[in-house]
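This report covers the salt bridges of one protein model. The sequence and structure come first, followed by selected pairs and their surroundings.

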Amino acid sequence: SIGEEDLDSDDDTSDEEDLSKPLQKEDHGGDEEKANDEDEAEEENDEQQDEDEDEDEDEGPIDPPHDVAEIRTQPYTLPDHYEWCTCDVNHEETMSEIYNLLKHNYVEDVESMFRFDYSIEFLKWALCPPRYCPDWHVGVRVERTKRIVAFITGVPSRIKIRSKTVEMAEINFLCIHKKLRSKRLTPLLIKELTRRVHIMDIWHAVYTTGIVLQTPPPFGMSQYWHRSLNPKKLVEIGFSCPRSTLANAIKLYKLPDMPLTSGFRAMERSDVEAIQSLLRDYLAQFTVAPEFSKEDIEHWFMPTRDDDVIHTFVVEDPESGNVTDFCSFYILPSTILGNEKYKVLKAAYSFYNVNTKTSLCQLMKDALIVAKQKGIDVFNALDIMHNKDVFEDLEFKPGDGNLQYYLYNYRLKSQLLPEELGLLLL
Ligand code: MYA
């Protein structure tokens, strides 16, 4: 039987039978799978035809939108013993199930030293932006035990690609229980989510992955850089290699106790419009970037009182009272795998930063200072937007993690450089 602890543990194999058999059977040609394949073949033919028609367009949608009435209303068929579920993010028990699935089975670094540990509050924030669609939070359960074993999500977003605005779904949190890997459940999850997105008359998506996928090719690639805030712990857990002595590292990474910029303070609700306008002007220079409504800004940037999820700081000009700059970062811890002394790596990730008056370097330094005050061990940033400009001065070091950017059903004429990317996915 599939006990709760069995599925939550990392190394248990007692439920192997229950979890894998039906899928293997279906893999070898069950009727339902065949029915799905036929649907798929038909859809692929359509797509190919449309692609051919659009051949000489070097940039834009690949497949034109369909009539929503043509989209199948029934979910795709899962292998025997599994069922789809729509995960209600406002349901505490469901959220703790998803949290546990991800905690034990989501993204790890290449050496399996760390695994993302998205908090429940983080997941709620990430999955419930304005206009979110509950149907796009898709899970797969074992029919008998109701255990969640796979997950994928989408949230709506407006993405500006050069001068065009495209309605999209941002896809994230694709996860399959370790014991159900390599059984081609992923294509089924993607197909079912695609159907649910299409039904809402949305025909494009954007997503990032740590690995390079073949089709479609990525439209952009970026690299993670890391700024040590707690060098002793980072060396002890094997995150950083000691370059010289620990004493030297501590000296190198020392930061002032308080932010340096006068007028630097936590964002308040009354800053929403200022941030929206600063961000709109700033993001205009990038080839691909989100467009945020006022509601979006409030959702994505406003720190919530009790949560350690998103932090935004503004610089309010002491003379004019205007907000001239802001920086933001989100908190995403990782489980440290197999370390006796430390269990959690507290990491902050740079989100969006806009400077008009303060230098970007000083603004980001203040972000490091407040992150350090919050007990963060490492501050991570991608080399997108203008981030690269501050890495050297602020002692960021390049990491071995890359992030690939993809668009679904949209072609760009050439691959973008990191500095042309103005989009950050969680
Ligand atoms: S990225 C985060 C992905 N999650 C993890 O890395 C967590 C740990 N890993 C796992 O849970 C599993 O290993 C996963 C694969 C689930 C990744 N994106 O089921 P399979 C293809 C897309 O036998 P498994 C994120 O969340 C692979 O190339 N496809 O494989 C964004 C192969 O296809 P093909 C992926 O190892 C997600 C097929 O799956 C990925 O058991 C964006 C094998 O399936 C990946 N990260 O499970 C999803 N990894 O044979 C796309 C493998 O064709 C969204 N594969 O090469 C597309 C837009 C949809 C919406 C459209 C709306 C209009």
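## Salt bridges overall

A search across the whole structure, which is a predicted model, finds 22 salt bridges.

## Arg162 and Glu59

The side chains of Arg162 and Glu59 form a salt bridge, with an N to O distance of 2.7 Å. Arg162 sits in the loop between strand 5 (148-161) and strand 6 (164-176), and Glu59 in the loop between helix 3 (31-53) and strand 1 (60-61), so this pair ties together parts that are 103 residues apart in sequence.

Glu59 has a relative accessible area of 15% and is buried, because buried means under 20%. Arg162, at 33% relative accessibility, counts as partly exposed.

## Lys294 and Glu273

A salt bridge also joins the side chains of Lys294 and Glu273, at 3.7 Å from N to O. This pair links distant parts of the chain: Lys294 belongs to helix 10 (residues 294-301) and Glu273 to helix 9 (residues 272-283), 21 residues apart. Lys294 has a relative accessible area of 40%, which makes this residue partly exposed.

## Glu395 and Lys397

Glu395 and Lys397 meet through their side chains in a salt bridge of 3.0 Å, N to O. Glu395 is partly exposed, its relative accessibility being 22%.

How values were computed:
Residues are numbered from 1 along each chain as its sequence is written. This is a predicted model: local features need pLDDT of at least 70, side-chain atom pairs count only at pLDDT 80 or more; totals for chains, interfaces and linings use all residues. Side-chain values use heavy atoms; hydrogens and water are left out. A salt bridge is a side-chain nitrogen of Lys or Arg within 4 Å of a carboxyl oxygen of Asp or Glu. Helices (H or I, at least four residues) and strands (E, at least two) are DSSP runs, numbered from the N terminus. Buried means under 20% relative accessible area, exposed over 50%, partly exposed in between (1.4 Å probe, protein chains only).
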